[in-house]
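User: I would like to go through this model and ask what stands behind the terms used for it.

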Amino acid sequence: MRDTHRTQNIAFFFLLLATLLIVIPVGLIVVIIIQKGLPAINWQFLTDVPRQGMRAGGIFPAIIGTLYLVFGAIIFALPIGLFAAIYLSEYSRDNFLNRLIKLSIVNLAGVPSVVYGLFGLALFVVFFKFGASILSGSLTLGIMILPIIITTSREALESVPASFREVSLSLGASKWQTIRHIVLPNAIPGILTGTILGLGRAAGETAPILFTVAAFYLPRLPASIFDQAMALPYHLYVISTQVPNVDEKIRYGTAFVLLALVLFMNLVAIIIRYQFRKKKKW
Amino acid sequence: MVKFAANNLSIWFGSKQVLKEVNLDVYANEILSVIGPSNSGKTTFLRMLNRLNDLQPNFRMSGEVKLEEQDIRKIDPEALRRLVGMVFALPLPLPLSIFDNVAYGVRMHGLRDKEKLSAKVEESLKQAHLWDEVKDRLNESAFKLSGGQQQRLCIARTLAVEPGVILFDEPCSGLDPISTAKVEDAMLQLKENYTVVLVTNNVKQAARVSDRTAFFLSGELIEVDSTDKMFTAPLDKRTDGYIRGKFG
Amino acid sequence: MRKIKELVIEKLILICGLASIIFVALIFLFLLKEGLAVFNIVSPFKFIFGKSWYPISEPAQLGILPLILGSLLVTLGAAIISIPIGVGCAIYIAEIAPLKLKEALKAGIELLAAIPSVVLGFIGMVTLVPLIKNIFHLPTGLTALSGSIMLAFMAMPTIVSIAEDALYSVPKTYKEGALALGATHWQSIWRVMLPAASSGILAAVMLGIGRVIGETMAVMMITGNAAVLPNSILVPVRTLTATIAAEMGEAVVGSEHYFALFAVGIVLFVISFIINVTADLFLHKRQ
């Protein structure tokens with residue numbers, strides 16, 4: 001009897017250890033970045049262009065570039081992803097096509113990000129001749145976050161009780177009217193959560209934008225969607241590996257801005273999800 | 001006049017047969033109640049009349065159902081459901097305000113004029129005996145009403161669409177006796193202008209409210225006759241057994 | 001009129017529904033379009049098993065075995081580290097942690113999952129790499145081991161959350177039955193719940209590994225980028241992903257190098273396809 005309890009205590013100790021081995025480094029990483037990156041953050045850093053070969057100055061073009069890319073990605077991914085989710089939730093039946101679609105979504109979610117970069121290069125930059133541009137980059141990122149949008153939107157739609165749909169149809173409304181007036185409005189918090197998570201993902205990815213849009217150094221802001229742009233993740237990569245003697249403060253500062261942006265978006269998404277679960281009226 | 005005519009109606013869900021060769025007419029402006037133990041097929045029959053069964057993925061039927069001489073499979077389902085309304089077993093308000101609940105069906109059919117909508121909502125709520133209790137709070141969420149009020153709201157919502165037929169699927173199963181009495185009163189008044197088909201587990205309710213009663217057992221229609229006759233001298237002894245509470 | 005509008009909308013919905021299939025097909029198609037051309041220059045066998053990767057020499061040597069082994073080594077190392085820790089953490093969260101702690105832990109794991117890989121690569125570069133160099137007295141800390149450790153961190157959130165889901169969905173009656181027979185909590189976990197959740201946990205591991213194989217930026221910044229056959233875990237290596245990312249910038253569109261990199265992309269796509277489909281099968285086996 002005592003023996004089995006001792007086994008249990010040992011086992012539980014190791015399980016706790018495992019958990020700490022994950023949680024503590026995460027905490028440390030965040031703390032290091034805040035500690036070493038926060039000093040670099042000032043108005044000048046955020047609004048100035050890089051100077052002296054990116055060893056000084058600010059990261060403004062990279063911030064703007066990231067915002068453009070993320071915005072472009074969601075313009076592409078949200079409508080398509082939402083409609084795809086509506087198809088899966090409201091129209092599809094349990095047949096081969098349905099399984100194929102779900103399998104494709106799983107696959108899209110698992111494609112390595114650098115392969116998306118290759119795809120974007122081959123399709124948008126070369127084949128469609130858009131060149132390395134915000135357009136190519138946004139489209140590539142958009143396809144990459146499509147699985148996230150579809151999956152979270154579908155869950156949100158499916159969580160609307162079936163009885164509401166039945167009631168709406170029994171009153172003579174059409175299927176689309178039911179979706180538009182009853183299902184969609186009540187799924188919006190979930191859809192919003194998924195959208196913001198997708199945005200966060202798009203903001204942090206480097207490989208897909210390497211060959212499709214990222215510019216090493218662009219002192220002026222992009223003027224159109226056919227221009228290249230700088231972006232935060234790529235900028236961090238460049239000043240960490242390609243440019244020697246960059247002040248440590250600037251590197252950590254860039255990492256801080258990128259991390260803060262991504263974590264902020266995730267936090268907002270989590271808060272929306274939490275509020276939604278609390279305030280559900282039915 | 002015959003409103004609905006079901007001829008040799010059989011229904012399967014997948015491989016399970018739920019209705020067997022049912023032949024049943026529904027007359028205009030009557031209250032027909034459908035009684036029987038659970039799984040007797042009565043709700044399936046009811047949901048055939050507004051084609052809600054179509055929503056089930058493995059639904060299959062043979063035979064036919066006619067609405068005033070027209071095969072209902074040939075009528076567009078949306079149009080059919082405008083003519084045949086339904087009140088469900090549990091009160092199911094939509095997640096909207098009281099006003100928007102009642103106005104929902106009519107809005108979906110294209111009515112936008114605010115004055116006409118308000119008039120329609122008021123008229124329907126009065127018909128459902130709910131107007132006085134909610135007239136000052138039409139913009140509140142429908143979920144704030146009590147169970148009985150919600151059910152009368154659902155009736156008002158159905159009436160607003162002005163169907164010719166109203167189907168009631170065990171509408172009082174979740175309600176207290178006072179709310180039940182109010183719903184039954186509403187049903188009796190509807191008879192003047194509507195045809196009513198009522199599925200109920202409560203045999204006494206059928207006796208109180210309906211003109212004719214149909215008894216279903218295991219997917220078959222056993223007997224249908226005027227309510228008086230069914231409850232005093234039924235022809236089939238299974239009908240007799242069920243009505244007396246010997247089973248079911 | 002409304003009917004026509006609705007018909008158009010519903011057709012659009014159907015097309016978007018098919019979008020994911022279309023995009024997967026497109027990705028595969030374009031990879032093939034640009035990558036198959038390399039097999040005019042080198043046979044598939046020599047490509048996959050060739051030991052030398054010198055794409056810009058004359059004549060170009062296009063063997064990706066060093067890259068495959070690099071990916072394999074790093075992935076294996078990451079798996080050895082992340083599987084026990086990840087599954088252990090999942091068990092802790094699912095079965096042992098008190099409720100409030102559970103929510104905090106799950107949030108912490110989501111946080112880790114959200115950290116961009118370039119940030120993790122950066123941190124690894126400035127903290128882990130010098131550490132490894134000092135501990136093992138190496139000429140450089142840019143090694144497969146460093147990569148494995150960092151990548152383990154990237155795999156763990158995936159493993160933890162999916163494994164935790166798998167444990168959560170084991171019917172309570174299984175556990176209660178074991179406890180009622182006098183088993184300790186740990187015994188009920190070890191003997192009953194883990195086996196019951198095994199296919200889900202397996203899927204979690206596979207998806208975690210899939211994430212590691214596909215990782216690019218962190219590897220590029222930490223493993224050293226030496227495209228030679230590794231002889232230990234303490235030397236620089238080059239993965240399939242890092243090769244594409246590092247060299248595509250210099251490759252001229254339409255050159256042999258360009259095609260070769262796309263061919264590497266095909267290999268990556270096929271590997272991740274197999275892993276994802278298999279993992280998905282395991283996830284749905286229970287249902």
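**Strands, helices and chain contacts**

Analyst: In chain B, strand 3 (residues 31-35) runs parallel to strand 9, and four bridges join the two. L32(B) is the residue opposite R212(B) of strand 9 of chain B. The model is a predicted one.

User: What makes strand 3 of chain B and strand 9 of chain B a pair?

Analyst: Two strands pair if DSSP finds at least two bridges between them. Strand 3 of chain B and strand 9 of chain B are joined by four bridges, so they count as a pair under that cut-off.

User: How do you know that strand 9 of chain B pairs with strand 10 of chain B, and in which sense do they run?

Analyst: The cut-off is at least two bridges. Six bridges join strand 9 of chain B to strand 10 (residues 220-226) of chain B, and the strands run antiparallel. F215(B) has E223(B) in strand 10 of chain B as its bridge partner. Strands 9 and 10 of chain B form a hairpin with two residues between them. In the turn, S218(B) has a positive phi of about 50°.

User: Why is strand 9 of chain B called mostly covered?

Analyst: A residue is buried if 20 or more other C-beta atoms lie within 10 Å of its own. In strand 9 (residues 212-217) of chain B, six of the six residues are buried. In a regular strand the side chains alternate between the two faces of the sheet. On one side of strand 9 of chain B, R212(B), A214(B) and F216(B) are buried, and on the other T213(B), F215(B) and L217(B) are buried, which leaves both faces covered.

User: What makes strand 2 and strand 5 of chain B edge strands?

Analyst: Chain B has an open sheet of four strands in the order 2-1-4-5, with antiparallel pairing. Strand 2 (16-27) and strand 5 (70-71) each pair on one side only, and these are the edge strands. Within chain B, strand 1 (residues 2-13) and strand 4 (residues 59-67) pair in the antiparallel sense over eight bridges. A5(B) has K66(B) in strand 4 of chain B as its bridge partner.

User: Which chains share the most contacts?

Analyst: Of the two pairs of chains in contact, chains A and C share the most. There, 68 residues of chain A are in contact with 65 residues of chain C. Helix 1 (residues 2-37) of chain A gives the largest share of the chain A side, 18 residues. Chain B and chain C do not touch, and their nearest C-alpha atoms are 10 Å apart.

Methods. Residues numbered from 1 in each chain as written. Chains lettered and ligands numbered in written order. Predicted model: local features only at pLDDT ≥ 70, side-chain atom pairs only at ≥ 80, totals over all residues. Contact = placed C-beta atoms within 7 Å. Buried ≥ 20, exposed ≤ 12 C-beta atoms within 10 Å, placed from the backbone.
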